[in-house]
Amino acid sequence: MSVTQAPFPIATPAAAAEAAERGAPGLLRRLPSSRVAMVGLSLVLFWVVLALLAPVLPLASPNAQDYAAIGHPGSSAAHLLGVDPLGRDVLSRLIWGARTVLAVAPIAVVTAYIVGCAMGLLAGYYRGWVDVVVSRVSDVILSFPVVVLYVILIANIGPSALNIVVAAVLASAPGIARIVRGLVLSLVNQEFVAAAELRRESDLYIMLVELLPNCRGPLITDFCLRLGYITIAIGTLGFLGLGLPPPTPDWGGMIKQGTAMLTVYPHMSLYPAFAIVSLVLGFNLLADGLTELSMSD
Amino acid sequence: MPLLSIQDLRVEYRTSSGRMVVIPDFSLDIEPGESVGLVGESGCGKSTLLMAIMRYLGRNGSIPQGRILFEGRDLVALAEPELRQIRGSRIAIVYQEPATALNPSLTIGRQLMEVPQLHGASGRDARAAVVRVLADVHLPDAASIMRRYPHQISGGQKQRVVLALALLANPSLLLLDEPTTGLDVTVAAAVLDLVNELRRKYGTALVYVSHNLGVIAQVCDRVGVMYAGELVEDAAVDSLFTYPRHPYTRGLIASLPRIGADKRSAPLVPIPGVVPSPAELRQGCSFARRCRDADTGLCRTAAIPLRAATDTHLVRCNRFEHLEPLAVPFDVAMPQATSSEPIMEAHDLTRSFRLGRSHLLANDRLDITAQRGRVLAVVGESGSGKTTFARILTGLDQATGGMLRFKGKEIGRTLVRRRTRAQVAAIQMVFQNPDGTLNPSHRVGRPLGRALRRFGIARGRKAIEARVRELLEMVRLQPSVRHSLPRQLSGGQKQRIAIARAFAGNPELLIADEPVSALDVSVQAAVINLLLGIQADSGTTMVFISHDLVLVRYLADEVVVMYLGRVMESGPVEALFAPPYHPYTEALLSAVPLPEPGSGGRRIRLEGEIPSPLDPPPGCRFAGRCPRKVGAVCDTVPPPAREGAEGHLIFCHIPIEELRLVPAVVERGDAELVNVGAE
C-alpha cells in the first residue's frame, strides 16, 4: 500500500460523491484548482479572445500598407507596435495571425487524433500483423526529425493551410498511435473487455466504447502539448517561407520578414516571436497542470 | 518493561475532504519475543498502525497525540536521523508485496549485504552474515541466490529474501504486513512455518497483520482485533478463538467457512454493512451500526472502554456477557440437486501454446464433467490451468485438442464470436478481480442493460430499465446504484454487479473464477451466500474456480484438483476431503491455515515451488515435488486412474489400498455456529 495515501477503500456517500469528481472527466472540472493550468489557460484564452474579436477591434487592415510609416517603423500613436518593412501594422498582423494559428493548429491536431487513435486502437486490440504494420510505419515516420519531415512534405505538396494540416497529421499521428496502443494494451486484458466479448459486442463497439474512453486521461494532456508543437511547427514553416502564402498574416512569416532589420528595428521580429512563445507556453502550462491534477488523484 | 508500548495513539490524515482520523485512540503493549496478531477488515487501520510505528505516515499523515515507546524511547518525538538508526536495525518491516520490496536492478546479494555494511561491517563479514541468514530462511544455495536479480527468483523465494533482509540486523521487533497474501497455499504454508521457526531462533517480537484468521491462529500468541481504528478485543490466541467475545470478532469467525463444514450444514453468516469511513463522526461504539446485539441506549451514546473479561482477555463491548448466539440471517437451505444429467463434458481437452521451440501445455487431456444444477469446483494453485479451462468454456480461448461438449454440442474450438447468441448467453462468467470487472468509464447499469439487449432478453428502454432493477434487487443492491461509477462502489458491490451481469442472459452454466478471493472475509460470506442462493434458485450449473479448499468444501458438490494443467483427482466433495487422498490434495489440505490455534495436525510441506509448465516430463506432473514419490516410474509413466469411492478418481502410481491407509488430514469440523458467552 502506498504510504502517502490514507487507506479508505470503502465508499461512503460523502466519499463517493467526492470520488465522482475525480478521474478524467473531472479533470477539466477541477482545472481551477491548479494554478499552473490556470496561467496556461489564461495565456491561451488571451489569444483566443483577441482572435475572435479581430474583426471588431479598431485595427488597421493587416495587409494595408502605410508607406509614410516605413521610414519610422517604431511604435507610434497610429501603430502601437510599429509597422513591418512593408509598412503593415504589426499589432493588426499579430492579432489576425492568431486567427490563422488558432484555426489551423486545432484542426490539425484533431485530425491527427482521429487518425492516430484509429491506428493505435487497431494495433492494440488486434495485435498480430496489424500491430506490426502500424508500429513499423510509425517507427519509420518517427525516425525523421519533425522539422525535416515538415519541410520535405510542404516543399513537395506546396504551402497551404490544408497541406499544413496534412503534414501535421502525418507527423503527429504515429506518436498518438503509439500512446493509444500502449494504453489499449494495458486495458485489453482487463476483465471488462472479456465481459464485453461475452456479450458478443462488435469489435468497433469494444474499441470505441469500452477502450477509448479509458485512454482519455493521458490523451487530454497530450492533446494540449501537441497544440503547442503544431504552433511551433506552423511558426517554423512560416519562417522558412513554407507557411501560409503571403499576404496572409502568419507569425513565422513575420519573424522572417523582420530578420533583415533585426539589429535596427528588432520589434518586427520580436513581437511575433513573443506571440508564439506565449501561446506555446500557454499550451504547455495547461498540459503540465492537467498532468499535475491527474497525478494528485 | 514492554518492548513496545503504544499509548493513546492518534493518527490523522489530511485529505482534500478534510481531516480523517484513521486511528482515534490506540494503546497496546508488546513484550520482548511476543507475537501479536492484528486482524480486521481492510480499512480498519492495521497497516496505518504499522506505518505509524515505523513513522512512515507520508506527508499528509500526522500523530497529534500519543506515544510509541520502543525500548524506552518515544518514536513519536524522535527526529529523522535517530529514527533511521532504529529503522532496519531495531525494527524491521516486511510488506505484502515482496516483488516491490526488492530493487529490480541490483542483485539479491548486493541488496542483502547493504544492511550489515550500512551498520559498519566489512565486506567479508557482511557476506558471511548474509550467507548465514539465507541458510536460516531455507535458501541453502546462497552463492547462487546472491548472484541473481529479483526477477530471476520465484515469489516464495522473494518473500524469503525479504525476510532475510529484515532479519539481517537482528531486530528486536519485526512488523509483518500480510506477508503471505498473494502466495500459493503450499508456498504460504512454508513461509508461515519459516516465520514461526525464525521467531523462536531469533527471539524477535512480531506484529503480524493479516485479514486471515487462520494465519493469525498459526503464528501468534496474542491477537488484537481492530475495527475502525480501535482495538475492540485483545486476547490470548486460544481464548480468542474458543471464546470470541466482541460481536465483531464473532462475526469475523462466523463468516469464515470451517473445514469440514458445507453449505447445507453450516451456512456462512456475513457481517452486514461496511466499515465506517474515518471521516464519519463517532458516537458510542463504532461497530453498533453493524451489530446484531446493539442496544440503543447503552451502545450509541458514550465511548466504550476496554474491559477485562478474564485476565488475558480484554473486550470493548458493553454487552459481551449478554450476547445471543449467532443466528443464520435468512434461510439459505440449499436443495440437494439430485439430477445427474451432464450439461458440460470435457474429454481429453488440451490447450497448448507454442513458445519458441517449447510447448506449454496449459490444459493437458482434461476429463471434467459438470452435472446440471450442481456446483463443480476446480481447485489448484497458480499455473494449474484453471483459468485457461474457464476461458475455453466461455469461448474466450479455444482448445487445441480433445473435445468439449455443452448440452451435447461441441464448443471446444468455437470462439465466442462464432457461437450462437443462445450459446453465448448460456455460458457466462464472474471474474476474479473486482477492480477490473467493470469499465471504469461506464455507469454500472450500462453493462446490465447492454447484456439484456444483446441477448434479446428485454426490448425497449422501459422493459430493459425494469429488468435492470430486478437484477440489482436480485443481488441485493439499491436500484439507484445503476447510476454510480465503479470507483464509487466497494469491492463486494462491484462483484454483485458482476454477478447480476452474468445472470442477465439467464445462463445455464456460470463460471465463477475466484470471485471472492480479493474480498474481505465478512464480504466474502455475503457474496458466496448470494451466489449460491441465485444458483440454487435458478438451477444454474456452476463451475467454481478456487484455490481455497475450505471454501470449496463448503460450496461444491463435485471437485476437480488440478496441477500444472493435469487433473490429479476428481470426485464428489465428501470423497475428496477424506482418505484416500491424492498426495497433492493431501499436501494442499495440510497447508490450509486453520483458524483453530494448535490445530497444526499432520503437516506435509512441499519442497520448492510449482515448476515451469514448459515441456513437461512424460510421467506424473507432480512427481518433482511429491513427498510420496514411488520411484522412477513416476517420472516416466503417466499415473493410472485409481478408483476410490464411486466416481472418485485418483491419478497416482500408489495403489488405492495404500492410499487408503493415510489418516485424515483434518477432522470433520463440528457444524455448530460460534458458541459464545456461555463459559
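Mentor: Start with contact: two residues are in contact if their C-beta atoms, placed from the backbone, lie within 7 Å. Leaving aside neighbours within four places in sequence, A:Val130 meets that test with A:Leu122 and A:Ala123. Keep in mind that this is a predicted model.

Trainee: Why is A:Val130 called partly exposed?

Mentor: A:Val130 has 14 other C-beta atoms within 10 Å. Buried needs 20 or more, and exposed needs 12 or fewer. The count of 14 falls in between, so A:Val130 is partly exposed. A:Val130 is found in helix H5 (residues 128-142) of chain A.

Trainee: How far apart are A:Val130 and A:Gly87 in sequence and in space?

Mentor: They are 43 residues apart in sequence. From C-alpha to C-alpha, the separation is 55 Å.

Trainee: How much confidence does chain A carry, on average?

Mentor: The average pLDDT of chain A is 83, and 91% of the residues score at least 70. Residues 1-24 of chain A stay under 50. For that stretch the model has 50 contacts beyond four places in sequence. Where pLDDT is low, the predicted coordinates should not be read in detail.

Trainee: What makes helix H11 of chain A mostly covered?

Mentor: H11(A) spans residues 251-259, and seven of its nine residues are buried. They are A:Trp251, A:Gly252, A:Gly253, A:Met254, A:Ile255, A:Gln257 and A:Gly258.

Trainee: Which helices do the buried residues of H11(A) pack against?

Mentor: Their partners are helix H4 (90-126), helix H10 (216-239) and helix H12 (267-295) of chain A.

Trainee: Now chain B. Why do strands E2 and E5 of chain B count as edges?

Mentor: The sheet is open, with four strands in the order E2-E1-E4-E5 (chain B) and antiparallel pairing. Strand E2 (18-30) and strand E5 (73-74) each have a single partner strand, so one side of each is left without a neighbour in the sheet.

Trainee: What makes strand E3 of chain B mostly covered?

Mentor: E3(B) covers residues 35-39, and five of its five residues are buried. B:Ser35, B:Gly37 and B:Val39 point one way, B:Val36 and B:Leu38 the other way. In a regular strand the side chains alternate between the two faces of the sheet.

Trainee: Which strands pair with E3(B)?

Mentor: Strand E8 (residues 205-209) of chain B pairs with E3(B) in the parallel sense over four bridges. Strand E9 (residues 222-227) of chain B is also joined to E3(B) by four bridges and runs parallel to it. B:Val36 stands opposite B:Val207 in E8(B), and its bridge partner in E9(B) is B:Arg222.

Trainee: Why is the pairing of the eight-strand sheet of chain B a separate case, and what is it called?

Mentor: Its pairing is mixed, and the open order is E18-E19-E20-E15-E21-E22-E24-E23 (chain B). Strand E18 (427-430) and strand E23 (641-643) are the edges, each pairing on one side only. The twist averages 20° from one strand to the next.

Trainee: How is E18(B) joined to E19(B)?

Mentor: Four bridges link E18(B) to strand E19 (residues 509-513), and the two run parallel. B:Ile427 stands opposite B:Leu509. Helix H17 (residues 491-503) of chain B lies across both strands, at about 180° to E18(B).

Trainee: What makes B:Leu509 stand out in the largest nonpolar core?

Mentor: The core has 285 residues, and B:Leu509 is among those that touch the most other members, with B:Ala164, B:Val207, B:Val543 and B:Phe544. H4(A) supplies the largest share of this core, 17 residues. Contacts of B:Leu509 beyond four places in sequence include B:Ile343, B:Phe406, B:Ile427 and B:Val543.

Terms used. Residues are numbered from 1 along each chain as its sequence is written. Chains are lettered from A and ligands numbered from 1 in the order in which they are written. This is a predicted model: local features need pLDDT of at least 70, side-chain atom pairs count only at pLDDT 80 or more; totals for chains, interfaces and linings use all residues. Two strands pair if DSSP finds at least two bridges between them. Axes are lines fitted to C-alpha atoms, for helices over the stretch in contact, and angles run from 0 to 180 degrees between N-to-C directions. pLDDT is the predictor's confidence in each residue, from 0 to 100. A nonpolar core is a set of buried Ala, Val, Leu, Ile, Met, Phe, Trp, Tyr and Cys residues joined through C-beta atoms within 7 Å.
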